[in-house]
Amino acid sequence: MAPTIHIDPARHVAPVDPRIYSGFTEHMGRCIYGGIYDPDNAHGLADARGYRTDVLQALKDLNVPIVRYPGGNFVSSYRWQDGVGPKELRPRRPELAWLTEESNQFGTDEFIAWCRLLGAEPYICLNMGTSTLEDALAWLEYCNSSANTHYANMRRKNGHEAPYGVKYWALGNEVWGPWQVGQMNAEDYSKQAFQWAKALRLLDPSIKLVSCGETGFADWDRVTLKALAPVVDFHSIHLYTVSEGNHDVNVMGPAAAEKGIEITKSLIELAKIEGNLTKDLTICFDEWNVWDPVRAPGEKGAEEHYDLSDALAVASWLNVFVRKADVVKIACIAQSVNVISPIITSPTGLFKQTTYYPLQLFASLMQGTALAVHVAAPEPEDAYTGPTVPAFVARLAAHAPPSARPTKWLDASAVLAPGGAQVRVALVNRHKAAAAAVPIRFGPRAEVAPRVEVHEVWSAELGDRNGFEGEKVRTVVKTVDWQGTYECKAHSFQVLVFTLV
Ligand code: AHR
C-alpha cells in the first residue's frame, strides 16, 4: 500500500520565491546563436533584431523571472568589451571553455534588450578567470551608471541612454573546478571576491552579489561562506544529476541536491553567527538539471534529448526547491535553449522536450506559500534502498552526501496558492512499474471540494521522448472526483489542485 501524504494548510514553510523558476543562457553550443538569436533565419522566425520569436514565446509560457548570462564556463575567458558597439568592429576570439570561436555578434546590449522582451531580469556573471576587477567595474559602470563617465557614456554612444539597472551580479563561475580558466583554491578566491565585492558596491550600492559556491556539500562552501557572508546576498551552488542508464538513480538524484541545500543552510547560519551578521543570505541554485556530459558533451553543444524519466527527475528537482522555499530564493535551470534545455530549435521551428512540461506546471501553479508535507514512511518492502547520489556526482565531489535511505518512491511538495483558496500538490510517482493509490490527508480544520483538477505528465514508456515530429509527453488536464485517495499511475507526475471549502 502506498504511504499516506499529510498536508496541513496551516503549516507554512515560507513564500515560494518565483525566482526559483529562472533560466540561464550561456554562449555555448546553440543556446545563443541559433537558439535565442538567429538573425539570418530564412523561415521568418526572427524579428527585426534577430531574436527568435518562437523561442521567446516558449520561454514566456514558462514565466521566467531572471536569466543568468553569459556563462557558465564561457565567462571565465570572456571580454565583455568585445561584445558591445558596432557589430562589424567586434573581434572574433578563440573561446576556451568549449573550444570554439566567439563572433561577439551578441553581447550585453543584445542580452538586455532580449530580457526586456521576455519580461525577465538580467543576471550577469563576472569573469574571475582572465579578467580583472577593473574590467568588472567597467562592465558594472556600462550597465548601471548614470554618471558622466567613460563606460556610462559608451553605453549612451551605443544607443542606450538610460542605465540598465542590472541588479544581480555573480562573483565568478565554478572557480573551484579544474576545467575553469583561472581556477583558484577557496582561500585565494575568497580574498579576491571580497575585494571585488567591496569595490563593486562602492560603484553601485544597490546591486545584489552572489558568491561562487560548489555543490553545497563541499569544504569550498564552508570556507567561502565564512569569508564572504559579510559582503554577498546569495551563495550559489550547482549540481547536475544523471541516470547513467538507470532510471532509479535518475529520479532519486535530486535527493543529493536537497542534502546540499540543507548543509548550505547550516553553513550560512554558522557564517552569520561567526560574523555576527543579521542580514539576509540565501541560496541561488544557479545551475541545476539532468545532464550526462559523456552522453552530451559540452564541446558538442550538450544537446540532451530528454525522456519521460528525465521529466520525472526534473519534477523531483522542482519539488526540492519548493520544499526548501525558506532558503532557496533563486534557481536557474541550466540551460534555457538547446543546451541541456527544455526547448530545442531548428531553423524551421522548435519542440518542447519532456522536461518543459513539469517546469511549466511548477512555474504556473506552484506559487504562493510552501506548505509542510509529510510522506509517511513506506512499508520496508516498498522502499527504495539504492544509491541517491549518482556516480557522476560522487566522482566530482570529494564528499558526496549519503542522502536519506530508504528513499521514498513518492515525492511531493505543496503550496497554498496566492489568495489562500487552493492547495496544490505536486506529486511524482518515481516507481518505474508500480501504480499507487495515495491517500492524501489535510489538516484537522481543512476540507476540500469534491472535484479535483489534475495536470498530469505521463506516457506509457519511461523512454518516451518528444521531437520535431511530435510530442509523446505533455500535460493533460482532467477533473476527478475526490474521495480521499489519488490513483497515481506508475512513472507519473501530476499537480493536483484542491479547492478549500
Ligand atoms: O551549463 C553547462 C556548464 O556546466 C556551465 O558552463 C558550467 O558552469 C557547468 O560546469
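**Exercise 1. Helices H9 and H10**

Is the crossing of H9 and H10 left-handed or right-handed? Describe how the two helices pack, and list the residues that meet.

*Solution.* The model is predicted. Start with the crossing: for H9 and H10 it is right-handed.

Next, find the helices. H9 covers residues 308–323, and H10 covers residues 356–365. Their axes lie 8 Å apart, at an angle of about 25 degrees. Angles under 35 degrees count as roughly parallel. H9 and H10 are therefore roughly parallel to each other.

Now list the contact. H9 supplies Ala311, Val314, Ala315, Leu318, Asn319 and Val322. H10 supplies Pro358, Leu359 and Phe362. Last, sort the residues of this H9 and H10 contact: eight are nonpolar, one is polar and none is charged.

**Exercise 2. Helices H1 and H2**

At roughly what angle do the axes of H1 and H2 cross? Work out how the pair is oriented, then sort the contact residues.

*Solution.* Locate the helices: H1 spans residues 53–60, and H2 spans residues 108–118. Their axes come within 10 Å and cross at roughly 55 degrees. That angle makes H1 and H2 oblique to each other. The handedness of this crossing is right-handed.

Then take the contact side by side. From H1 come Leu56, Leu59 and Lys60. From H2 come Trp114, Leu117 and Leu118. In the contact of H1 with H2, five residues are nonpolar, one is charged and none is polar.

**Exercise 3. Helices H6 and H8**

Which residues of H6 and H8 meet?

*Solution.* Geometry comes first. H6 runs over residues 219–228, and H8 over residues 254–275. The two pack at an angle of about 35 degrees, and their axes are 9 Å apart. The crossing of H6 and H8 is right-handed.

Now the residues. On the H6 side stand Asp221, Arg222, Leu225 and Lys226. On the H8 side stand Thr264, Leu267, Ile268, Ala271 and Glu274. Sorting the H6 and H8 contact gives four nonpolar residues, one polar and four charged.

**Exercise 4. Around the ligand**

Take glutamate 26. A polar atom of its side chain is 2.6 Å from a ligand oxygen. Move to asparagine 73. Here a polar backbone atom lies 2.9 Å from an oxygen atom of the ligand. Finish with glutamate 287. An N or O atom in its side chain lies 2.6 Å from an oxygen atom of the ligand.

**Exercise 5. Peptide bonds and a backbone angle**

Where does proline 70 lie?

*Solution.* Proline 70 sits in the loop between strand S3 (66–69) and strand S4 (93–95). The bond from tyrosine 69 to proline 70 is cis, and its omega is near 0 degrees.

Go on to glycine 71 and glycine 72. They are joined by a cis peptide bond with omega of about 10 degrees. Glycine 72 also belongs to the loop between S3 and S4.

End with asparagine 63, found in the loop between H1 and S3. Asparagine 63 is not a glycine, yet its phi is positive, at about 50 degrees.

Technical notes. Residues are numbered from 1 along each chain as its sequence is written. This is a predicted model: local features need pLDDT of at least 70, side-chain atom pairs count only at pLDDT 80 or more; totals for chains, interfaces and linings use all residues. Side-chain values use heavy atoms; hydrogens and water are left out. Axes are lines fitted to C-alpha atoms, for helices over the stretch in contact, and angles run from 0 to 180 degrees between N-to-C directions. Helices (H or I, at least four residues) and strands (E, at least two) are DSSP runs, numbered from the N terminus. Angles under 35 degrees count as roughly parallel, over 145 as roughly antiparallel, 65 to 115 as roughly perpendicular and the rest as oblique. A crossing is left-handed if the near helix is turned anticlockwise from the far one by less than a right angle, and right-handed if clockwise. Contact means heavy atoms within 4.5 Å. Ala, Val, Leu, Ile, Met, Phe, Trp, Tyr, Cys and Pro count as nonpolar, Asp, Glu, Lys and Arg as charged, and the others, Gly among them, as polar. A polar contact is a pair of N or O atoms within 3.5 Å; within protein, one must be able to donate a hydrogen and the other to accept it, and residues adjacent in sequence count only if both atoms are side-chain atoms.
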